[in-house]
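Colleague: Could you take me through the charged pairs and the burial of their side chains, one question at a time?

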Amino acid sequence: MSTTRQPRSGDSGQESASHGPASAVSAVGQARSLALSSASGIVPLARDFTRQALYDWGWLPASSADRRAAAEDVLLVVSELVTNACLHAEGPEELRVACDGKKLRLEVVDRGTGQPAPRTPHRAGRPGGHGMFIVQRLCLDWGVERTGESSGKTVWAELAAPA
């Protein structure tokens, strides 16, 4: 489901960095952010950053096939969101990753004015145009938050934490 909403009151938009190993239980309330505006190799950098957070929060190494699939889904969604910002939104500025114990939230801040949406009709046999369809299929929810008066937006997606 795609939604657009304004920032909630009390929502500073800033994510704190967290460092050091943590178990899945202590991953509650963990958040990290990565500046991407002047980076090169942005998509692999975003995946590596997210993978490290998953290790630190106890999602990896995965103890079961379901946990491994959940981690792979997170990394795929990060790739799709960051790639879309590169291709359609003047590039990403920041990646935010947060976990509250029940779900993991990914946010990609960009300077673009467009509205991401899955292509319709979806054509599975054709190359390209699958990014937001993949995000829609893998996530509990996703949407767009517009920044007040400036151009740009935050595209967010939420995935269930592994059981």
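Colleague: In this predicted model, which residue meets the side chain of D110 in a salt bridge?

Modeller: The pair to look for links distant parts of the chain, with D110 placed in strand β4 and its partner in strand β6, 43 residues apart. The side chains come to 2.9 Å, taken from N to O, and the residue that meets D110 in this salt bridge is K153.

Colleague: Are D110 and K153 buried or exposed?

Modeller: The cut-off that matters here is that buried means under 20% relative accessible area. D110 has a relative accessible area of 4%, and K153 has 3% relative accessibility. Both values fall under that cut-off, so D110 counts as buried, and K153 likewise counts as buried.

Colleague: What is the N to O distance in the salt bridge between R105 and E145, and which strands hold the two residues?

Modeller: The side chains of R105 and E145 meet in a salt bridge at 3.1 Å, N to O. R105 lies in strand β4, residues 103-110, and E145 in strand β5, so the pair ties together parts that are 40 residues apart in sequence. Strand β5 covers residues 141-146, and the answer is therefore 3.1 Å, with R105 in β4 and E145 in β5.

Colleague: Why do R105, E145 and E158 count as buried?

Modeller: The test is a relative accessible area under 20%. R105 is at 12% and so counts as buried, while E145 is buried with a relative accessible area of 9%. E158 passes the test as well, because its relative accessibility is 14%.

Colleague: Turning to helix α2, how does its reach compare with the span expected at 1.5 Å a residue?

Modeller: Helix α2 runs over residues 65-88 and has 24 residues. From its first C-alpha to its last it reaches 34 Å, which is close to the expected value of 34 Å.

Colleague: Is E80 buried or exposed, and which residues beyond its sequence neighbours is it in contact with?

Modeller: E80 is found in helix α2, and at 17% relative accessibility it counts as buried. Its C-alpha is separated by 8.7 Å from that of H130, a residue 50 places away along the chain. Leaving aside neighbours within four places in sequence, E80 is in contact with G131, I134 and V135.

Colleague: How many disulfides does the structure hold?

Modeller: A disulfide is a covalent bond between the sulfur atoms of two cysteines. C99 counts as buried at 3% relative accessibility, and C139 is buried too, with a relative accessible area of 10%. The number of disulfides in the structure is zero.

Key
Residues numbered from 1 in each chain as written. Predicted model: local features only at pLDDT ≥ 70, side-chain atom pairs only at ≥ 80, totals over all residues. Heavy atoms only, no water. Disulfide = S-S within 2.5 Å. Buried < 20%, exposed > 50% of the residue type's maximum accessible area, 1.4 Å probe, protein only. Helix = DSSP H or I, 4+ residues; strand = E, 2+ residues; numbered from the N terminus. Expected span 1.5 Å × (residues − 1). Contact = heavy atoms within 4.5 Å. Salt bridge = Lys/Arg side-chain N within 4 Å of Asp/Glu carboxyl O.
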